[in-house]
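This report goes through one structure part by part. Please keep the sequence and the 3D view open while reading.

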There are 2 protein chains.
Amino acid sequence: MKLQTPFIEELLAKVKFDDKGLVPAILQDAENGEILMFAFMNRDSLKKSLETGLATYWSRSRNSLWVKGESSGHTQEIREVYYDCDHDCLLFKIKQNVAACHTGYRSCFFNKIEDGRVVEVGEKMFEEKDVYRKKD
Amino acid sequence: MKLQTPFIEELLAKVKFDDKGLVPAILQDAENGEILMFAFMNRDSLKKSLETGLATYWSRSRNSLWVKGESSGHTQEIREVYYDCDHDCLLFKIKQNVAACHTGYRSCFFNKIEDGRVVEVGEKMFEEKDVYRKKD
């Protein structure tokens, strides 16, 4: 899903960014409803996400826009976009390629709290060491 | 789902709260996977949520803990809890009584972005004026 620039500007005016210029974004699998990831977007990354149809974030460590999956290939193709009643949270329904989480789990929410313990659940798509190179 | 206090303390030590002492929480329908609400919890409201099994938030306007639905009856019964790979976001799978949104929609994410327009989608469970009294 890609939107036209004049309409994107209209939308950006509706969204409420916080005092750091960020808005929370929930990423949900468009097919099975699984919550895959949570992240913050700034104005520029939201604009780029809507223009390109690929979920894009702001990397504070690199101080630049970051297209999710641009190095790993694990891109997030946007299918549907929603905002909430207060206009201060976004929901993206996406097609997730391979996995959302850098750990190899398909979803970042693989830590399930059970009675007296935390268990890892969910589908592991790859081993972290095989995909992401160590940073120098 | 209610947890025992010693284990709750263990969990609270694992969760990373931000510089305002808050952690984002995604509320998802345990049955059909619909995203119902997004909110922030502080340490005390997360503790109370896990102790009582009812989603509880921190009201900045009232400066007090706020059990969701305590006046409207639209409580959120916690069925499952997850945290993400970075330990800085929570996912609650809940049984939502009536509706999550004060507007009457079952989900707060009723604004769907379509090509060139925003449309209201989703199930409206009540009219706002019939449930919430106006504040003086």
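## Where the two chains meet

Between chain A and chain B there are 2 salt bridges. In one of them, D19(A) pairs with K20(B), and the closest N and O atoms are 3.0 Å apart. The model is a predicted one, and every value in this report is computed from it. Polar contacts also cross the interface of chain A and chain B: 12 residue pairs, both residues at pLDDT 80 or more.

## The size of the interface

On the side of chain A, C85(A), F109(A) and I113(A) supply 21% of the area buried against chain B, more than any other three residues.

## A lysine that contacts both chains

K112(B) belongs to strand β7 (residues 111–114) of chain B. Is K112(B) buried or exposed? K112(B) has a relative accessible area of 17%, and is therefore buried, since the cut-off for buried is under 20%.

Neighbours within four places in sequence are left aside in what follows. K112(B) is in contact with E80(A), V81(A) and Y82(A) from chain A, and with R117(B), V118(B), V119(B) and V121(B) from chain B.

## Salt bridges within a chain

Over all chains, the count of salt bridges comes to 16. One of them joins the side chains of E9(A) and K47(A), with an N to O distance of 3.6 Å. This pair links distant parts of chain A: E9(A) is in helix α1 and K47(A) is in helix α2 (residues 43–52), 38 residues apart. Both residues are partly exposed, E9(A) at 33% relative accessible area and K47(A) at 24%.

E77(B) and R79(B) form another salt bridge, with the closest N and O atoms 3.3 Å apart. E77(B) is partly exposed at 25% relative accessibility, and R79(B) is partly exposed at 39%. Some salt bridges share partners, and in this way E9(A), R43(A), K47(A) and E51(A) are joined into one network. A further salt bridge is that of R117(A) with E114(A), at 3.1 Å from N to O. In general, side chains of opposite charge can pair when their charged atoms come close.

## Helix α2 of chain B

Helix α2 of chain B covers residues 43–52, and S45(B), L46(B), S49(B) and L50(B) in this helix are buried. Why are these residues on the same side of α2(B)? They cover an arc of only 135° around the axis, which puts them on the same side. An α-helix has 3.6 residues a turn, so residues three or four places apart point the same way.

The buried residues of α2(B) pack against α1 (5–14), β2 (35–42), β3 (56–59), β4 (64–67), β5 (76–83) and β6 (90–96) of chain B. After the helix comes G53(B), with a positive phi near 80°.

## A lysine in strand β6 of chain A

K93(A) lies in strand β6 of chain A and is partly exposed, at 24% relative accessible area. K93(A) and D29(A) are 64 residues apart along the chain, yet their C-alpha atoms are separated by 5.6 Å. With its neighbours within four places in sequence left aside, K93(A) is in contact with Q28(A), A30(A), E77(A), I78(A), R79(A), E80(A) and Y82(A).

## Positive phi in a loop

Most residues other than glycine have a negative phi. N63(A) has a positive phi, near 55°, and N63(B) also has a positive phi near 55°.

N63(A) sits in the loop between β3 (56–59) and β4 (64–67) of chain A, and N63(B) in the loop between β3 and β4 of chain B. N63(A) is exposed at 57% relative accessible area, and N63(B) is exposed at 56%.

Definitions and conventions:
Residues numbered from 1 in each chain as written. Chains lettered and ligands numbered in written order. Predicted model: local features only at pLDDT ≥ 70, side-chain atom pairs only at ≥ 80, totals over all residues. Heavy atoms only, no water. Buried < 20%, exposed > 50% of the residue type's maximum accessible area, 1.4 Å probe, protein only. Helix = DSSP H or I, 4+ residues; strand = E, 2+ residues; numbered from the N terminus. Arc of directions from axis to C-beta. Contact = heavy atoms within 4.5 Å. Buried area = accessible area lost by both parts, 1.4 Å probe. Salt bridge = Lys/Arg side-chain N within 4 Å of Asp/Glu carboxyl O. Polar contact = N/O pair within 3.5 Å; in protein donor to acceptor, adjacent residues only side chain to side chain.
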